[in-house]
Amino acid sequence: MEFGVLGALRVRDADGEMWIGSPSQRRVLTALLVHADTVVSVDRLISALWDERPPETATRTLHSYLARLRGVLHADGVERLVTRPPGYLLRLDAADRFDAARFDRLVNAAHRDPERAAALLDEALAQWRGPAYAEFADTEFARPEAQRLDASRLDAIEERFEIGLAHGAHAESVAALDAHARANPLRERAASQLVRALYRVGRQADALTVLRTVRTRLDAELGVAPSPALRALETAVLRQDPELEARVPPTPTSLSAARPAPTPAVSTPAPPRSIAHPVPVPIGGLVGREDDLAAVAAALGTHRVLTLVGPGGVGKTTLAQHVAHAVDGTVAWCELAPVTDGGAVALAVATASGARRQPGADATESLIAFLASREILLVVDNCEHVLADAAELVTRILRRCPAVTVLATSRAALGVPGEHLHPTAPLPVPLGTGDAAASPAVRLFTARARAVRPDLEVDAANLAHIAEVCRRVDGLPLALELAAARLRSLNPADLAARLVSPIGPAARSLSADYAAQPVSPADLLTGPRTAEPRHSTLRAVIDWSYALLSPAEQRLFARLSVFAGGFGLAAAERVCGEPALLDVLTALVDNSLVTAGPTAGAVRYSMLETLRDYGRDLVERRGEADTLRDAHAAWCAALAEEAGRGLRGPEEARWIATVQADLDNLRAAHRHAVRRGDTDLTLRLSAGLALSVLYRFPDEVVAWSETALTLPDAAAHPRYASVCGAVAEALTFRGEHERALRLCEPALDALPDPDDARRMPLLKVAAAVALYRGQWAECAAATTALLVLARARGDRWYVSEALLFASLARTYSGDPAGGRTLAAENLTVARAADNPSQIAWALYSEAEALAGDAPDRALTRYHEAVARAAPVASVFVTNVAHVGLAALHTRAGATTAALAEFRAAVRGWRRMQVWHHQWTTLRNLLLLLADIDAEAATILSGALNTHAANGFGADAAAEADTVDTLRADLGDARYAVARAHGTTLSPEATVTFALEVLDRNIEVEH
């Protein structure tokens, strides 16, 4: 038997891959493999399964999982899983293959045997299919071993490159080394190897560029300088040191042995760099799709838009997931199945990619502006129900975003210019019995069947029946999995007999009830009813599989379709009205009707969109749809409200992840509440998500809140002011201060009682706008009113918010001592609440107040603010801290450090697309550049004068003095040319220019 963890968990026996479909069994097996041939205690296994929250039945349930797993691992008669106090032992005998152990043995052998090292390392690296323990790499029980193996793999790759370079394979190594160095930009050994290879093929300039890039990355991301060895290498390249010349052994090995093992494009991928949403991890192998995977990955290199087309249930999404994990580079994954309104497609794609709304631009324009200068693979999954809107958006992206590649999945082509179609066909079925065992359809069926029937014998008789089943379901992967799951209680012969016609007897009786009903979404799985007979097959198999469920299982399956995305066990119990449904849910997982996948923490369940459509059709026919949607929306509102509280406390990070995971459900709940005109539910959702809107969530959620404010009687609702405040503060982040005030001031006027707690979010917006505008008296009035009200209500969150704005206003108005006093008080309040973001803001405001008189203490506070904010993705405070550090270093004359902080800030504002802060940062940069790069500073001043609002007060005076100095330094003629050049730059081009200037001057300073 073979066990694989260098990639997704894989188990094989003599007959092929064995499918272990239960997430709990996969988790337990992985925990045992982490400690293979070592006793793992029951307590440790329980911790691996449930983290810190095991159920009361944990021990009994664990024993049940292990009993099933023992049967799977005993399929060939060898007892591998044995009981050994105080737990269990996974015993791998000499005949078993474990890829992680084999990798370690081969690497160690390579170190001991230099003569065979190249071949041994090649064999070791060939064991890898993806990241170690891919499904569980982020769990406590697997993380250390996964990190060790991944680090060892990188070392082995670089050792293999070293052997190739030592034998003269410089030209052959450059491309693979470049790919490896780009994927691991902070590994100095990889950079050193690439530099040597480039130098030895006559590309000295490119070698120096690599060194400069590494130095920049180390400085920007880690705040460290390159190692002495890398600095010495740079000096050697500049001097053309003879020591850099290759010294090839006089009797080199053959070229095939000397050439470094390339980094494959598909078979051993690095995980994709995701932007906002993680790329889903495919569960199970890609049986029978190896050629598809290679073809799609290759086609993406030559086509900018590629659509996987095929019938429902054929595996388009799974193939796209594997492709996304196989390609190099950044990936944005957008699941469109939960988006039923075509007008919301752009918002959903913006959410997935991390784009934010810009002043004066709609969602599409803002998204395109974000993608225009980025190299990204954009995956849009399940486009068929919003085909026209998806096609229009993709067309606009392709026309205006030259470095974006689109991979779409759909039951029909998008029809966009330049589209390349990759038909995703059902798996080939055996024509007879002679070729049955090798058929991809039979291989998939057998693997899935053995997960529920480990003792299944694939003899000649059974193979003939399995082949017949595969033919009856036309090789559709989803149909195969549903059918295979039934071997728990049937034999292959029984299964084949029940599928003797396109719709088996049980399904026929079920379908008779539907004969006069309208067409359901599930009837549209592959196309119109006039299409070929295969198009009815999947519906027939789902009918049949559904009919074999118990009444409780049928009821739960249908009700779970109300979830738009994944869901947890507690959510299912709350929404579906079944307080103890774990056993029923487990049965649905075992029958492949519900998918269970691990996350960081609790297991989340989901349904394939094809099965969800079928379930929705069932609840519509039963008249339960509105009741279920109401229950789902009520659960979402409660979740949002709980998240709103949780995000203000010490568990901020956990609630960020929780709300992010349920974004699809929240979207569906908002849509349902608006459609029903339920003002209360809509405003509860939006008020709960207010804090998510402000600091992390995309404009899609802001748009929900804007819609909520327009509903009937919204203004009279208790949460109206809270939602007004959230939308208005989001507008201030875009620099739309007037719009923010126009929204908030009427709401504030409608609450004349100064003791009304609903005034607090509105007063906060008034304080923020006054602060941004330098209106110190107005800011003081708003913060004083907010502070009095928050203290009277005992609301520590708003006490801290009021103290933050009051402290900054005091500091910026020329009273840093008063600012320090308020910041210190704020820090005490924030630490009592133990909320990371508020502590970071308090630290930042104290740093701002200290910057003029105590720069060393300010430096410490700025760094502490970044350290507190970064783990909870509180990017706004992180970035303003970089701006503060840049100003601090500028005043101290530490030009290199100041330039590095400016670069971090400019990059951060670009990622966040917060333009008014970007312009302020660039104005501050202008003052520094004037002393070291007058022409660049003049170009930047021209761009700022074109796009940015004028500064005020001392800042405006300083900028005016700087412009006068630049004119005097350059002379009128050169100044006019440079200034005119700046006026031609677009906002995005201005940022690009500023970053180029920063990079150039940082290099000079070094």
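How many aromatic pairs does the structure hold? I found 15 aromatic pairs. I keep in mind that this is a predicted model.

**Entry: a stacked pair**

I started with phenylalanine 567 and tyrosine 605, whose rings are stacked, with 6.0 Å from centre to centre and 25° between the planes. The two come from distant parts of the chain, 38 residues apart. I located phenylalanine 567 in the loop between α23 (551-560) and α24 (569-576), and tyrosine 605 in strand β15 (residues 604-606). Buried or exposed? Phenylalanine 567 counts as buried because its relative accessibility is 0%. Tyrosine 605 is buried too, with a relative accessible area of 12%.

**Entry: an edge-to-face pair**

Next I looked up tryptophan 841 and tyrosine 844. Their ring centres lie 5.8 Å apart and their planes stand at 85°, so I noted the pair as edge-to-face. Why are they about one helical turn apart? Because tryptophan 841 and tyrosine 844 are three residues apart in helix α39 (residues 836-850). I then checked their cover: tryptophan 841 counts as buried at 10% relative accessibility, and tyrosine 844 counts as buried at 8%.

Which residues form one aromatic cluster? I listed Phe733, Trp841, Tyr844, Tyr862, Phe876 and Trp909, so both residues of my edge-to-face pair belong to it.

**Entry: a charge over a ring**

I also looked at arginine 374. Its charged end sits over the ring of phenylalanine 370, 3.8 Å from the ring centre.

**Entry: a hairpin**

Then I turned to strands β1 (residues 2-4) and β2, which pair in the antiparallel sense over three bridges. Which residue in β2 is the bridge partner of glycine 4? I found arginine 10 there.

**Entry: the whole chain**

Last, I stepped back. I counted 47 helices and 15 strands in the chain. Of its 1006 residues, 56% count as buried. Among contacts with a separation of 6 or more, 71% are between residues 24 or more positions apart. The accessible surface comes to about 40600 Å², and 53% of that belongs to carbon and sulfur atoms.

Key:
Residues numbered from 1 in each chain as written. Predicted model: local features only at pLDDT ≥ 70, side-chain atom pairs only at ≥ 80, totals over all residues. Heavy atoms only, no water. Helix = DSSP H or I, 4+ residues; strand = E, 2+ residues; numbered from the N terminus. Buried < 20%, exposed > 50% of the residue type's maximum accessible area, 1.4 Å probe, protein only. Contact = heavy atoms within 4.5 Å. Areas by Shrake-Rupley, 256 points an atom, 1.4 Å probe, with all protein chains shown as cover. Pairing = 2+ DSSP bridges. Phe/Tyr/Trp six-rings, centres within 6.5 Å; stacked < 30°, edge-to-face > 60°. Lys NZ or Arg CZ within 6 Å of the ring centre and 35° of its normal.
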